[in-house]
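These entries record what I looked up on charged and aromatic side-chain contacts. The structure itself comes next.

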Amino acid sequence: QVQLVESGGGLVQAGGSLRLSCAASGSIFSINTMGWYRQAPGKQGELVATITNDGSTNYADSVKGRFTISRDNAKNTVYLQMNSLKPEDAAVYYCALQDPVTHWGRGTQVTVSS
């Protein structure tokens, strides 16, 4: 069984930064993709960014140039550095790991005040 635990969410002013972390544990296949998704109230869920185990990344257009995804394979941990945050970035951010089954974390709240 795979467990994903997110941390790093919180309240930040517009223009500020936050760094999310997600640590995976359990039976994880070495070839996998980790990523971040977000869900805001009343809005459709959105893929924010993904990163493969060999470091290939993908970003939503809405976060390109502001967010950076990275991972530490030795620690089975993925990070999301979020800079220049906007009120529209406010959401619950979920970590996911696909190997190839998709596992989900419980989410961490990001609130951005204007």
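**Entry 1. Asp89 and Arg38.** I began with the side chains of Asp89 and Arg38, which meet in a salt bridge at 3.0 Å, N to O. I count a salt bridge where a side-chain nitrogen of Lys or Arg lies within 4 Å of a carboxyl oxygen of Asp or Glu. The pair links distant parts of the chain, 51 residues apart: Asp89 is in the loop between strand E8 (77-82) and strand E9 (91-98), and Arg38 is in strand E4 (residues 33-39). Strands (E, at least two residues) and helices (H or I, at least four) are DSSP runs, numbered from the N terminus.

**Entry 2. Basis of the values.** I am working from a predicted model, in which local features need pLDDT of at least 70 and side-chain atom pairs count only at pLDDT 80 or more, while totals for chains, interfaces and linings use all residues. Residues are numbered from 1 along each chain as its sequence is written, and side-chain values use heavy atoms, with hydrogens and water left out.

Entry 3. Are Asp89 and Arg38 buried or exposed? Both are buried. I take buried as under 20% relative accessible area, exposed as over 50% and partly exposed as in between (1.4 Å probe, protein chains only). Asp89 has a relative accessibility of 0%, and Arg38 has 7%.

**Entry 4. Further partners.** I next found that Asp89 forms a salt bridge with Arg66, the closest N and O atoms being 2.7 Å apart. This pair also links distant parts of the chain, 23 residues apart, with Arg66 in the loop between strand E6 (57-59) and strand E7 (67-72). Arg66 is buried at 10% relative accessible area. Arg38 in turn forms a salt bridge with Glu46, with the closest N and O atoms 2.7 Å apart. Glu46 is partly exposed, at 26%.

**Entry 5. Network and total.** Which residues do salt bridges that share partners join into one network? They are Arg38, Glu46, Arg66 and Asp89. My search of the whole structure gave 4 salt bridges.

**Entry 6. Aromatic rings.** I found 1 aromatic pair in the structure. Tyr37 and Trp104 form this pair, which is edge-to-face, at 5.0 Å centre to centre with 65° between the planes. Rings of Phe, Tyr and Trp (its six-membered ring) pair if their centres lie within 6.5 Å; planes under 30 degrees apart count as stacked, over 60 as edge-to-face and the rest as tilted. Tyr37 is partly exposed at 28%, and Trp104 is partly exposed at 48%.
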